[in-house]
Amino acid sequence: MKSKWTLFAGIILLVAGIVLRNLTEMDLAAVSLIVLGVLFKTYYIVRMARSGEYKPGYELYFLFAGLGMFLSGLYLKSQNPSVFAGLLVITGILLKTVFIVIFIIRIRAVRKQK
């Protein structure tokens with residue numbers, strides 16, 4: 001649990017940013033929390049890869065595509081609220097979820113081999 005604090009902090013910051021963005025007009029603070037959450041989670045993934053517990057593969061495409069769609073959807077939603085922006089956000093979240101599932105499967109597989 002001690003080594004996962006950056007992952008959990010990133011998730012909490014990301015959720016807090018999304019909630020803040022939807023409930024208030026504090027766009028800069030919300031986007032800052034979202035970006036900080038993404039950076040914490042990215043740090044966790046890089047640290048896992050450097051330690052050898054995680055061997056990156058094709059699932060990173062899901063992560064980068066999901067992040068791009070999610071952040072683009074948030075930006076478009078603030079400029080011109082439309083169904084397209086919402087679809088980008090939802091699709092981005094789904095792609096990031098696919099990444100998380102594959103990430104967990106890979107980490108468990110490496111731990112079972114040890």
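This is a predicted model: local features need pLDDT of at least 70, side-chain atom pairs count only at pLDDT 80 or more; totals for chains, interfaces and linings use all residues.
Q: What distance does α2 reach from its first C-alpha to its last?
A: Helix α2 has 25 residues, and at 1.5 Å a residue the expected span is 36 Å. The model comes close to this, with a reach of 36 Å.

Q: Which residue just after α2 takes a positive phi?
A: Let's step past the end of the helix. Just after α2, a phi of about 90° is found at G52.

Q: Is V110 buried or exposed?
A: V110 sits in helix α4. Leaving aside residues up to four places away in sequence, V110 touches G52 and E53. The C-alpha atoms of V110 and E53 are 6.4 Å apart, although 57 residues separate them along the chain. Because its relative accessible area is 15%, V110 is buried.

Q: Which helix supplies the largest share of the lining of the largest pocket?
A: The largest pocket holds about 570 Å³ of space and is lined by 25 residues, with L7, I11, I100, F103 and I104 nearest its centre. By class, the lining has 18 nonpolar, two polar and five charged residues. While α1, α2, α3 and α4 each supply at least two lining residues, the largest share, ten residues, comes from α4.

Technical notes. Residues are numbered from 1 along each chain as its sequence is written. Side-chain values use heavy atoms; hydrogens and water are left out. On a 1 Å grid over the protein atoms alone, a cavity is a set of points where a 1.4 Å probe fits but cannot get out, and a pocket is an open set with protein on both sides within 12 Å along at least five of seven lines; lining residues have an atom within 4 Å of a point. Grid points are joined across faces, edges and corners, and a volume is the space filled by probe spheres set on the points. Helices (H or I, at least four residues) and strands (E, at least two) are DSSP runs, numbered from the N terminus. Ala, Val, Leu, Ile, Met, Phe, Trp, Tyr, Cys and Pro count as nonpolar, Asp, Glu, Lys and Arg as charged, and the others, Gly among them, as polar. Buried means under 20% relative accessible area, exposed over 50%, partly exposed in between (1.4 Å probe, protein chains only). Contact means heavy atoms within 4.5 Å. The expected span of a helix is 1.5 Å times one less than its number of residues.
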